Amino acid sequence: MKVSVVVTVLNEENTIVKLLDSLLVQTKEANEIVVVDGSSNDKTAEIINRYQKKGARVIVFIEPCSIAEGRNFGIKMAKSPIIAQIDAGCVAKDDWLEKLIEPFERKAVEVVAGFYVMTGDSTLQRAVKPFLGTPQEWFKPETFLPSARSMAFRKSVWKKIGGFSEKLEKTSEDTLFNYNLIKRGIKIIRAKDALVYWEMPKTFSEILSKLYNYARGDSKSRIWWHPLQRISTHNIKIMSIFARYLVVFLFLFFSINLPELLYILMLGFLIYLGWSIIKMRDVVKDAKARLWLPVIQVASDFAIMAGFLSGLWRK
């Protein structure tokens with residue numbers, strides 16, 4: 001079964017070696033590894049060229065493009081009928097590709113969702129996992145939607161739904177891709193054992209930047225109702241965040257004449273901070289990491305609201 005692995009990268013000199021090394025030792029050998037470099041200004045392209053000189057099955061294209069444009073270009077240039085995707089910043093488990101494409105032995109299978117393990121040694125990295133992805137403890141095979149960091153599909157399906165939306169520059173292009181799949185009635189097979197390892201951001205600013213961009217992409221995707229998630233879409237959840245802070249504003253406004261409302265507001269805020277720890281208790285089990293949860297919760301609320309508004313403003 002012929003398969004092309006397609007990767008988009010930009011300024012990944014610190015992660016590209018681990019990624020390519022993991023792809024070149026797979027138990028199922030890819031027919032080609034297509035890398036689309038969105039015009040990196042670091043040593044990413046130079047590093048990839050070293051692999052090519054060693055005879056590795058790596059093809060690189062340097063194209064100034066967004067992530068969605070890079071995905072579409074790489075898939076278009078790929079020669080195999082099955083496309084596997086993994087993102088920069090990830091490392092594939094040695095049997096990732098084998099497990100990911102195994103379901104395609106059945107001709108009816110068109111899309112397979114692999115999974116990912118979120119990694120990181122610091123307490124901040126351990127704390128932020130449930131804010132950025134789906135922890136293994138929360139995996140539900142009937143509703144989990146594929147991420148482009150671990151998924152595969154027939155190239156014919158990509159053509160059928162018009163590829164990845166290029167109106168989404170940085171994030172959520174795979175969310176909209178999945179939405180279009182489901183709207184077309186295309187069944188998604190879940191392969192939880194097809195794993196990649198995804199390292200969490202190491203700094204607080206990187207975390208907030210990701211959350212901002214995720215929310216901005218969700219806003220631009222305009223997905224409010226989802227056939228699988230129903231009203232539990234990202235955008236509906238973001239609206240609930242706005243609703244929380246609207247209540248805070250109203251309490252502050254009316255407390256001008258009713259100062260006792262401030263006590264209720266303070267109690268509510270403390271409950272909210274405690275709730276941020278309780279709801280993550282089955283995922284974040286490290287006591288030190290849990291101390292980060294209230295901080296991340298409040299900071300992420302504002303990053304998400306800002307990103308959402310930016311997406312509405314810049315159509």
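At 34% relative accessibility, Ser39 falls in the partly exposed class. This is a predicted model, and in it Ser39 sits in the loop between E2 and H2. Its backbone is worth a look: phi of Ser39 is near 70 degrees, a positive value in a residue other than glycine.

You'll find Asn11 in the loop between E1 and helix H1 (16-23), and with a relative accessible area of 33% Asn11 is partly exposed.

E2 (residues 32-37) pairs with strand E3 (residues 58-62) in the parallel sense, over five bridges. Val34 is placed opposite Ile59 of E3. To get from E2 to E3 the chain passes through helix H2 (residues 44-53), and this β-α-β crossover is right-handed.

E4 runs parallel to strand E1 (residues 3-9), with four bridges joining them; Val3 has Ile82 as its bridge partner in E4. E4 also pairs with strand E7 (residues 151-154), this time in the antiparallel sense and over four bridges. There, Gln85 stands opposite Met151 of E7.

## Salt bridges

How many salt bridges are there? The count comes to nine. As background, side chains of opposite charge can pair when their charged atoms come close.

One of the nine pairs Arg71 with Asp87, the closest N and O atoms being 3.0 Å apart. This pair links distant parts of the chain, with Arg71 in helix H3 (residues 67-77) and Asp87 in the loop between E4 and strand E5 (90-92), 16 residues apart. Buried or exposed, these two? Both Arg71 and Asp87 are buried.

Arg126 and Asp286 make another salt bridge, and here the closest N and O atoms are 3.1 Å apart. Arg126 belongs to helix H5 (residues 123-132), while Asp286 is in the loop between helix H10 (261-278) and helix H11 (287-290), so the bridge ties together parts that are 160 residues apart in sequence. Arg126 is partly exposed, with a relative accessible area of 25%, and Asp286 is partly exposed too, at 29% relative accessibility.

Then there's Lys202, which forms a salt bridge with Glu199, the closest N and O atoms being 3.8 Å apart. Lys202 is exposed, because its relative accessible area is 56% and the cut-off for exposed is over 50%. Glu199, at 38%, counts as partly exposed.

Asn213 lies in helix H8 (residues 204-221). Its relative accessible area is 16%, so Asn213 counts as buried, given that buried means under 20%. Which residues does Asn213 contact, leaving aside neighbours within four places in sequence? The answer is Lys170 and Thr171. As for Gly311, it is 98 residues from Asn213 along the chain, yet the C-alpha atoms of the two are separated by 8.9 Å.

Thr233 is in the loop between H8 and H9. At 1% relative accessibility, Thr233 counts as buried. Not counting residues up to four places away in sequence, Thr233 touches Ile223, Trp224, Trp225 and His226.

Last stop is the surface. Leu246, Phe249, Leu250, Phe253, Phe254 and Ile256 together make a nonpolar surface patch of about 640 Å². One of these residues, Phe249, is found in helix H9 (residues 234-254).

How values were computed: Residues are numbered from 1 along each chain as its sequence is written. This is a predicted model: local features need pLDDT of at least 70, side-chain atom pairs count only at pLDDT 80 or more; totals for chains, interfaces and linings use all residues. Side-chain values use heavy atoms; hydrogens and water are left out. Patches are made of residues with over 30% relative accessible area and no salt bridge: like charges are joined within 9 Å, nonpolar side chains (Val, Leu, Ile, Met, Phe, Trp, Tyr) within 5 Å. Accessible areas come from the Shrake-Rupley method with a 1.4 Å probe; for residues, only the protein chains shown count as cover. A salt bridge is a side-chain nitrogen of Lys or Arg within 4 Å of a carboxyl oxygen of Asp or Glu. Helices (H or I, at least four residues) and strands (E, at least two) are DSSP runs, numbered from the N terminus. Two strands pair if DSSP finds at least two bridges between them. A crossover is right-handed if, with the strands pointing away from the viewer, the path from the first strand over the helix to the second runs clockwise. Buried means under 20% relative accessible area, exposed over 50%, partly exposed in between (1.4 Å probe, protein chains only). Contact means heavy atoms within 4.5 Å.
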